[in-house]
Structure formats: structure tokens, C-alpha cells
There are 2 protein chains.
Amino acid sequence: MLDENSKYKELLNREGIKSTRHRNAILELLEESEFPLTAEQLFITLRDKTASIDLSTVYRTLDTFASKNLIIKSNRADDGKALYELNHNEHKHHLLCVGCHKLISIDDCPIGELMQTLKNKIDFDITGHKLEIYGYCHDCKKFNHTLSSDA
Amino acid sequence: MLDENSKYKELLNREGIKSTRHRNAILELLEESEFPLTAEQLFITLRDKTASIDLSTVYRTLDTFASKNLIIKSNRADDGKALYELNHNEHKHHLLCVGCHKLISIDDCPIGELMQTLKNKIDFDITGHKLEIYGYCHDCKKFNHTLSSDA
DNA sequence: AATGCAAATGCAAGGCAGTTGCAAGTGGCG
DNA sequence: CGCCACTTGCAACTGCCTTGCATTTGCATT
């Protein structure tokens, strides 16, 4: 348990913040997840799995991590809810299933080159970009076909 | 005044909803704007410019329009606030200035072809996509250079 | 033009994601 | 082990948005 708890100690100390049970647990969950999580998802998982935690602690922890650039905060495109993911410094995009809200990662950025080209063409300092692709995943696909009929 | 008020009457009737002062005013504002607006922006403008309107009416009207596909609702990437814009059925992307929140339109979609290619490659029914480019606009550019120093 | 009814609106209360103030608890230093 | 700043839980609060309900309005019909 000690070993487990201090898994991120060094990392956290390096950022000048204390290593605590909650912070370690949150980092661990984010590390395990392939896709961004909401604060609520983290809260519920922690409450069930580990010891009790307050939702405000989840938010505060996430804010702290984000300010240290350990994680990335974004907003889900369809409902605006905040999403958090570990900052692997790797550039990623997702397929968002509008049926079940599932996020599927795309590993390579299909528009990296394009951004480079664009940078030289416009009077705007590009610092980043986000591409989101909507649709229906394998499972929701069939389902959708039986329901939708309008344009 | 009559003429002005009934500018969108036909359009609204076609969708099976009544033409009212508020609905016309909201459509007009959205038509005049080059970029998506928040409900609050609409609310304030209407309150100042036209007659008083309730915020709930703004939201309800926008929801109604969105359900008729007259407008498009989205969520601002950086703070998750809802944005509304007229549905011109034209596909657009934006440059978002993280300095001043300004949105600048890009007229042609740089990744349309790419989506077509992708559609054939993956087990996912693509129905749409959204590309957002972040950075600093002409005005905020200089400002930013004098401030930023960290990685 | 007056009537009637469903749709639209204002108002106030409510809901949900996220934030904040403060007192109590804890990590990690000596 | 004892201290102190940092962290946490708790409860109240904010901001954005939604809903219930009574009133008003568009508009079809007389």
C-alpha cells in the first residue's frame, strides 16, 4: 500500500505539491483511462473503490493538476461538461459517439501538416487545435438506423 | 415596423411555429452576427435594443430553433458555454483567440476530403466534425509576446 | 372586428456543474 | 513528536440553464 500510494510522490513533489492519498488515486485513475473523464466519473469511482472523497476535492485537485500541466482540461463538445485527461504531451483526437457518449481515440493527427501550412498563411498565432469527429459507434450504428428517418 | 417584424414570418410558419416579436428579433440578431453568440449576449442586446425579454424566453426560443434546425447549438471549447448560430447549411470552422475570446471564421473546410477518406477506413458512422484552432489573434499577439515566458 | 384556443411569454423557483470560505485534518519538515 | 503550511470535508453559494404555472398573444374562425 505504501508503495502504491507513493507511486506519484516524486512527480508531485517535483511540482511543489504534497503527495496525498487522493491525489495519487486521481492520477492513477487518469493513467488507467484511455479517454478523458468527467469530475463526476472520478468522484464516483473513487468513492466506490477507494476511501470517501468530497467532490470539491476532486475539482480542486484537478484544477491544481491542470495548473501544473499534469493534466489537460477540456469541455465536451455536445454538453459542455468538463473533461480531464493526463497530459502525455501526445497529440490526440477522438471519435465521439453521439449515441452513447463513448470517446474513441485516434492515434495519429490527420491534420498536423495542414496546421503547418495554415500557420504560414494567416495572421494568427496558432498554438493548438482540436478536431472532433461525431457519429455513431459500431454498437449504436444499427440502433440508429432503425430509428432515424428525417434529414 | 410591420414589414420588419414579419421578415421571418414565412420561414417560421413553414416550421409550424408562430411568428413573434421576440423570435423575429433573435433571428435578426443571429443573421447579423458573423459568429456564434451566447444566450446572454442575445439577451442583453435584445433588452437594450428592442423591448424587454426574459432570459428563459431566449433559451426556449433558441431550443425551439435548434430543434427545427434553423440554428446550430454548440459549446465553446474553453469554458463550455452554449453558443448559437444561424444554420446556413454551410460548413465552417473558426479560429478561437484565447486572448480575447474572439472567433474568426474560416470559410473553406480544410479537412473535408480527409473525412471522406476516413469514412471508408473506420468502423464508425461519421455524421459530422468540428475543427477548432486556438491561438492569438492579430491584436492579442503582441500582447502575449511580452507576457509569456514559460513552456 | 370580436371570439376562442393553442402556442408563446414572464416570472419565480428549481436543478445541476462547478466554486468558495472556513474549520478540521494531514504530510513532511525539523 | 510537534509544528505549520498545505490539503480536505462540509456546507453554502454562484452561474448557466430549465421548468411549472399563470398570463398574454398570434392567428384561425366566426
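Predicted model: local features only at pLDDT ≥ 70, side-chain atom pairs only at ≥ 80, totals over all residues.
**Surface near DNA strand D**

There are 22 residues around DNA strand D, of which A:Thr20, A:Arg23, A:Thr57, A:Arg60 and B:Tyr59 come nearest. By class, this surface comprises four nonpolar, nine polar and nine charged residues. At least two residues each are supplied by helix H3 (21-32) and helix H5 (55-67) of chain A, and by helix H2 (9-14) and helix H5 (55-67) of chain B. Sugar or phosphate accounts for 67% of the atoms of DNA strand D within 4 Å of the protein, and bases account for the rest.

| Residue | Protein atom | Atom of DNA strand D | Distance |
|---|---|---|---|
| A:Thr20 | polar side-chain atom | phosphate oxygen | 2.6 Å |
| A:Ser52 | backbone N or O atom | phosphate oxygen | 3.3 Å |
| A:Arg60 | polar side-chain atom | base oxygen | 2.8 Å |

**Interface of chain B and chain A**

Contact involves 34 residues of chain B and 34 residues of chain A. The two chains bury about 2,700 Å² between them, with 60% of it on carbon and sulfur atoms. Of the area that chain B buries against chain A, 23% comes from B:Phe124, B:Asp125 and B:Tyr134, more than from any other three residues.

On the side of chain B that touches chain A, strand E3 (93-97), helix H6 (112-121), strand E5 (124-137) and helix H7 (138-147) each give two or more residues. The largest share, 14 residues, comes from E5(B). This side divides into 18 nonpolar, eight polar and eight charged residues.

Strand E5 (residues 124-137) of chain A runs antiparallel to E5(B), and 13 bridges join the two. Within this pairing, A:Ile133 stands opposite B:His129.

How values were computed. Residues numbered from 1 in each chain as written. Chains lettered and ligands numbered in written order. Heavy atoms only, no water. Near = heavy atom within 4 Å. Polar contact = N/O pair within 3.5 Å; in protein donor to acceptor, adjacent residues only side chain to side chain. Helix = DSSP H or I, 4+ residues; strand = E, 2+ residues; numbered from the N terminus. Nonpolar A, V, L, I, M, F, W, Y, C, P; charged D, E, K, R; others polar. Contact = heavy atoms within 4.5 Å. Buried area = accessible area lost by both parts, 1.4 Å probe. Pairing = 2+ DSSP bridges.
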